Amino acid sequence: MFAGLPELGISNGEDLKETLTNCTEPLKAIDQFQVPEKKLKLVMADKELYKVCAVEVKRQIWQENQALFGDEVSPLLKQYIVAKEAALFSSDLSILHNFFSPSPKARRQGEVVLKLTQMIGKNVKLYDMVLQFLRTLFLRTRNVHYCTLRAELLMSLHDLDISEICSVDSCHKFTWCLDACIREKFVDAKRARELQGFLDGVKKGQEEVLGDLSMILCDPFASNTLVLSTVRNLQELLSQDALPRDSPDLMLLLRMLSLGQGAWDMIDSQVFKEPRLELEVVTRFLPAMLSVLVDDYTFTVEQKLPSEEKTSLSYPTALPDNFNKYLQENRVACEMGLYYALHIAKQRNKNALQRLLPALVETYNDMAFGDIFLHLLTAHLTLLSDEFGTEEFCSAVFDGFLLTSFSSKENVHRHNLRLLLHLHQKVLPSCVETLVKTLEPSKQSSDQVKELFTKLTEKLEAQKKSPPQPDEAPSLDLGLHPVKVPTTASTPTTSI
């Protein structure tokens, strides 16, 4: 890559140190020189010198020493994953400020992404090494946050117009288009056609790119956008009285969801072929989901009718068999079912949520008890905070769903405590008492669970000691009788 470029003439270690630490300006023009291999070995042998030398020089060392580069990158990758997982257990439960709230551009300003971008510079070899680290770690851990970092890193280089790398990454244009969709949290018809063009354009002999595309689509921010778009598409089909199989946009969304969810299997097997979407998801599950949406709409309209026009219609308690079946057996269907739960919680549809939650106890690969979904569900449940004052709703949320696996899944234990910590003042007191006993940590529980439980008990004790806040400010009776003023268009209606 650097053949034929002039070398730096440096005679001894002191000259080398002075050059590498003080002469920063010429070092930034890495394409104009190459430090001789002999001098690079001197740098590598001196830990202090290596530590202070410019990143432009370090790149020349790293590209020939993958193990050393891996030692530099590894702590950054760990830091990135820790930060993502911490965000999912944030004490702030809010539908407006959740895991998916930051824009793609804002996320790319994170410390790790900026540091990796700086370390790579324009060096294609280093970029390929980082991608290989991400693939390896994704395979080893199944942690989807590595897929997020793969996309963020590429788009960070895109923002800096590093064409040396972007032009050779086959996923660049696809990721760029998808990034715009993630920013809008919706895949519109125009961008859908562009994305489909990229997928259809994968030529014979180039199928390996599907492995990288599947990682890009496995990014939770991508799948979040795809499923939100799918739910919106289904609502539009309902208003048009159309069938799911007749919507090309919906079929593309399902295709991309399927490709993203199959990322681990594809990279692990090295069989680069798009997974086939199960036909019955379209012909059986989606019609069942539409029928559930119809139930919700019908009941909502019924409730808004004048009392004399209402019928004795009661809200259905059971779900269609095909709905439950595919929640348990199919990844794509399960993902849509989980986002339907978030959709109805956002609509504050208590009846629909109570109907759906029992079905989420058994889902494909326990997806309903994953951190991303529970992070979103707990945030959405804050919209129904007043309903926690009833035993029926508390029982549906906790006994019917959240408590069914907390003893075997520590992450579920933590999400239970997060929710109760946020809503304890709204929850029926008798339910709070039972929940505190149930959620008390064991000796084997992690420090995070114990810390959350301690915070909860401290809040409950403080609540007992402080007098209850009155719902309304007490009136001050000054012995003056209110005088009613005749109401006109310009006269206030309050008493004076």
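**Entry 1: a loop residue.** I began with the side chain of Asn-98, which reaches the backbone oxygen of Ile-95 at 3.1 Å. I kept in mind that this model is predicted. Next I looked up where Asn-98 sits. I found Asn-98 in the loop between helix H6 (66-88) and helix H7 (104-107). Is Asn-98 buried or exposed? Its relative accessible area is 15%. The cut-off for buried is under 20%, so Asn-98 counts as buried. I then listed its contacts, leaving out residues up to four places away in sequence. Asn-98 touches His-375 and Leu-376.

**Entry 2: H18 and H20.** I turned to helix H18 (residues 279-304) and helix H20 (residues 331-346). Their axes come within 11 Å and cross at roughly 10°. Angles under 35 degrees count as roughly parallel, so I noted H18 and H20 as roughly parallel to each other. Which residues make the contact? On H18 I noted several, including Phe-285, Met-289 and Leu-293. On H20 I noted Met-336, Tyr-340 and Ile-344 among them. By class, this contact of H18 with H20 has 10 nonpolar, 2 polar and 1 charged residues.

**Entry 3: H9 and H14.** My last pair was helix H9 (residues 124-141) and helix H14 (residues 209-218). The axes come within 12 Å and cross at roughly 65°. H9 and H14 are therefore roughly perpendicular to each other. I recorded the crossing of H9 past H14 as left-handed. H9 brings Leu-134, Arg-135 and Phe-138 to the contact, and H14 brings Asp-212, Met-215 and Cys-218. I sorted the contact of H9 with H14 by class: 4 nonpolar, no polar and 2 charged residues.

Technical notes:
Residues are numbered from 1 along each chain as its sequence is written. This is a predicted model: local features need pLDDT of at least 70, side-chain atom pairs count only at pLDDT 80 or more; totals for chains, interfaces and linings use all residues. Side-chain values use heavy atoms; hydrogens and water are left out. Axes are lines fitted to C-alpha atoms, for helices over the stretch in contact, and angles run from 0 to 180 degrees between N-to-C directions. Helices (H or I, at least four residues) and strands (E, at least two) are DSSP runs, numbered from the N terminus. Angles under 35 degrees count as roughly parallel, over 145 as roughly antiparallel, 65 to 115 as roughly perpendicular and the rest as oblique. A crossing is left-handed if the near helix is turned anticlockwise from the far one by less than a right angle, and right-handed if clockwise. Contact means heavy atoms within 4.5 Å. Ala, Val, Leu, Ile, Met, Phe, Trp, Tyr, Cys and Pro count as nonpolar, Asp, Glu, Lys and Arg as charged, and the others, Gly among them, as polar. Buried means under 20% relative accessible area, exposed over 50%, partly exposed in between (1.4 Å probe, protein chains only). A polar contact is a pair of N or O atoms within 3.5 Å; within protein, one must be able to donate a hydrogen and the other to accept it, and residues adjacent in sequence count only if both atoms are side-chain atoms.
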